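Hi everyone, thanks for coming.

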Amino acid sequence: MTENSENEVSESQIAVHWREEEYFDPPPAFTAQANANDPAILERFSEDKFPDCFTEYADMLAWDQKWDTVLDTSNAPFWKWFGGGKLNACYNCVDRHAAANPDKTAVIWVPELEEDETVRISYGELLRQVNEFAAMLRDFAGLDTGDRVTLHMPMVPQAIVTMLACARIGIVHSQVFGGFSGNACGTRIADSGSRVLITMDGYFRAGSITDHKVKADEAVAEAARQGQEVDKVLVWRRHQGEYASATPMADGRDFFVDEHIGDYAGQVVEPVSQPSEAPLFLMYTSGTTGRPKGAQHSTGGYLAYVTGTSKYYQDIHPDDVYWCLADIGWITGHSYIVYGPLSLGTTTVIYEGVPNYPDAGRPWRIAEELGVNIFHTSPTSIRMLRKVGPDEPAKYNYHFKTMTTVGEPIEPEVWRWYYHSVGKDKAAITDTWWQTETGGFLGSTLPGLQPMKPGSCGPGALGIYPVIYDEDRNEIPKGIGRAGNICIRNPWPGIMQTVWGQPERFLDVYYRKYNSDPESKDWHDWPYFAGDGALEADDGYFRILGRIDDVINVAGHRLGTKELESAALTVPEVAEAAAVPVIDDIRGRMVEMYISLKPGFSAGPEMEGKVTKAIEVEIGKIARPKNVWIVPDMPKTRSGKIMRRVIASVSNFTDVGDVTTLANPEVVEGIKHQVQSAKVARGDTPRELSQTELAEIQAFGNE
Ligand code: WTA
């Protein structure tokens, strides 16, 4: 059974209608200076030029040895890009710029507390720090090319130094988002086979320092439970010489970086020349089963793809000041804070804390003070900033030339606030649709050439040819208002190489559904299945509806329902658990948990608290459910499957649909009464849902 076969009824069967939005033309002043402002570029990436068109991206890099094959399909769909080529990612992101322009600022770090000083790190200084830490990784931690190492770091420049030091030696870094719990980190340590964990003692969030090192202890214990020993934990300190955590340092296992790095002062570690196909990093993401998937990204193909798309879509020039508010621990941070921007030799800004600390004007103050001219964030942050400070942007004198949005669909109304208020009608917006697995952008407008349309990401990115299929691989024509499963017909250099340690799952999840000949070596036979529902308008622009698998996108974070449910099931009293999405005006979606208890236990706030706590421990606070509903019985099919679409409809006050085929239709009314009257009492009733939101809820978890 494939991972997606449970979801036979997707948005594809539901006709969706929406109002066509009007176009916004790119501002002429922007187009005049854009990296991509000559329509000939569209010609260079036309389908008949595939795959050679992507050598334009590879040529942006410095190679130690040039590739001899652009695309090798002999082991389809495990594509090999730029085979025979050799390069080093750290060299490309640091050394070549440090040599040309050592004093140029590479990284600007803005600590959360406004009274703390902003830190500027030049390319020359970055090279020194990366070399010293690489020496420590090699000689102190005993790491070598090909080893995996897990990073659990907040938004500090040491996270960038650590990633690049790994890349310098060819150590495969696996960075876990700092907001994930110790247990979630431990699971990823075990899956990747890391014996070294790199972390930090604490960091500032909403005005106070959090204890982060405590999670390292939990992570190491969890990894050990899963059979993976960690023999060294390297701990960066937020304040050198001062320990921000209450947890003791384990003797012989935990080491403060600042107490040892001095031994490597001035050392130089030669960048290891890596085959294009060598893995650069793993990035874990959620899927339908409880076990997270480690998307494995390559060195040459990945770096070429993020460099090229940073240049043409983010419009990065070396003199720009680029600020992406995403977390380094997610794919957006890897591709579009670290690797893409630094490969182009620009200045990348990172900010430690929450965007509205200490007030809603903070992002715009930072932009003004640092001269940020490219801004990149998520719909959730935009919705939040709009809510807390709709008039704040007007008070500050900054000038954005482009603004990006990523991670979730953006409502046209929110888009317009972003355009008019944040961009002051002067910036081009790129709505970039892509995924952890895809390395870089798949759908977006080219900001200097293609008009924007609120709510649609745009056409396929350069060299990307999307298609929408129904369940039987019939192509759904554009412009008919019908949604289906969006796929990419061709491979591209940024695509992940495999799921770490689970090649079968890679095939199952992303390729089996629409592949008709498993022996085929022809890429035409292997469309990439993205797992999103989408529609294509007459103009070839795509509107992404959201996940069609059992994934809930909370504030741009992918949470698997199975992970949430298994976390709830760690509470001994819980018999059954089901996770469903509830529409939220700020975070897009939030999670609600439905729980039934084993006989003899009773519902109550204490039990609800236990479930919430279990989810925080197993996954992290980001997954904290909005509500936990303890119900006497779950609505089920005759084969015993929990009907998630029914409870999702209850949570969202939408029509529960036909329940007569359930084994126990009589429970639905009771659940509805229990949940909805509690919500009404709290004033938590939803606005009217859009057609696409309705479709998502009413098809949720269907089989
Ligand atoms: C969703 C984040 C609409 C989509 C880079 C995708 C989007 C999932 C957009 C990947 C967008 C991402 N418009 N939906 N511009 N960008 N998504 O792996 O459902 O964290 O499959 O990668 O986010 O999330 P991931």
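Predicted model: local features only at pLDDT ≥ 70, side-chain atom pairs only at ≥ 80, totals over all residues.

The bond between Ala-76 and Pro-77 is a cis peptide bond, with omega at about 0°. There's another cis bond to look at, joining Phe-50 and Pro-51, again with omega about 0°. Pro-51 belongs to the loop that runs between helix H2 (40–44) and helix H3 (55–58). Why point these out? Most peptide bonds are trans, and most residues other than glycine have a negative phi.

Lys-424 isn't a glycine, yet its phi is positive, about 55°. You'll find Lys-424 in the loop between helix H14 (412–422) and E20, and with a relative accessible area of 25% it is partly exposed. Arg-473 also has a positive phi without being a glycine, about 60° here. Look for Arg-473 in the loop between strand E21 (466–469) and strand E22 (484–488). Arg-473 is partly exposed too, at 28% relative accessibility.

Now, the ligand. How many residues surround the ligand? There are 17, and the closest are Asp-431, Thr-436, Asp-532, Arg-547 and Arg-558. By class, that shell is made of six nonpolar, six polar and five charged residues. Helix H11, strand E20 (428–432) and strand E25 (542–547) each bring at least two residues to the shell.

Let's zoom in on some distances. Thr-436 has a polar side-chain atom 2.5 Å from a ligand oxygen. For Arg-547, an N or O atom of the side chain is 2.8 Å from an oxygen of the ligand. And Asn-553 places a polar side-chain atom 3.4 Å from a ligand oxygen. On its own the ligand would expose 530 Å², and the protein buries 96% of that.

Next stop, salt bridges. Side chains of opposite charge can pair when their charged atoms come close. The structure holds 45 salt bridges, and I'll show you some of them.

Take Arg-237 and Asp-258, whose closest N and O atoms are 2.8 Å apart. Arg-237 is in the loop between strand E11 (232–236) and strand E12 (254–256), while Asp-258 is in helix H9 (residues 257–260), so this pair ties together parts that are 21 residues apart in sequence. Arg-237 also forms a salt bridge with Glu-259, at 3.5 Å between the closest N and O atoms. That pair links helix H9 to the loop between E11 and E12, 22 residues apart. So, are these two partners buried or exposed? Arg-237 is buried, because its relative accessible area is 10%, whereas Glu-259 is exposed, because its relative accessible area is 52%.

Another pair is Asp-315 with Lys-401, with the closest N and O atoms 3.0 Å apart. Asp-315 lies in the loop between helix H10 (300–312) and strand E16 (321–324), and Lys-401 in the loop between helix H13 (379–388) and strand E19 (402–406), so the pair ties together parts 86 residues apart in sequence. Asp-315 counts as buried at 0% relative accessibility, and Lys-401 counts as buried at 8%. There's a network as well: salt bridges link Glu-114, Asp-359, Arg-362 and Arg-365.

Last stop, what's tucked inside. In helix H15 (residues 503–510), six of the eight residues are buried, so the helix is largely enclosed by the rest of the structure. The buried ones are Arg-505, Phe-506, Leu-507, Asp-508, Val-509 and Tyr-510. Their cover includes strand E15 (293–298), strand E23 (498–499) and strand E24 (528–536).

And where is Thr-346? Thr-346 is in the loop between helix H11 (331–343) and strand E17 (347–351). Thr-346 is buried, with a relative accessible area of 0%. Leaving out residues up to four places away in sequence, Thr-346 touches several others, among them Lys-104, Tyr-123, His-317 and Pro-341.

Note on methods. Residues numbered from 1 in each chain as written. Heavy atoms only, no water. Helix = DSSP H or I, 4+ residues; strand = E, 2+ residues; numbered from the N terminus. Buried < 20%, exposed > 50% of the residue type's maximum accessible area, 1.4 Å probe, protein only. Contact = heavy atoms within 4.5 Å. Near = heavy atom within 4 Å. Polar contact = N/O pair within 3.5 Å; in protein donor to acceptor, adjacent residues only side chain to side chain. Areas by Shrake-Rupley, 256 points an atom, 1.4 Å probe, with all protein chains shown as cover. Nonpolar A, V, L, I, M, F, W, Y, C, P; charged D, E, K, R; others polar. Salt bridge = Lys/Arg side-chain N within 4 Å of Asp/Glu carboxyl O.
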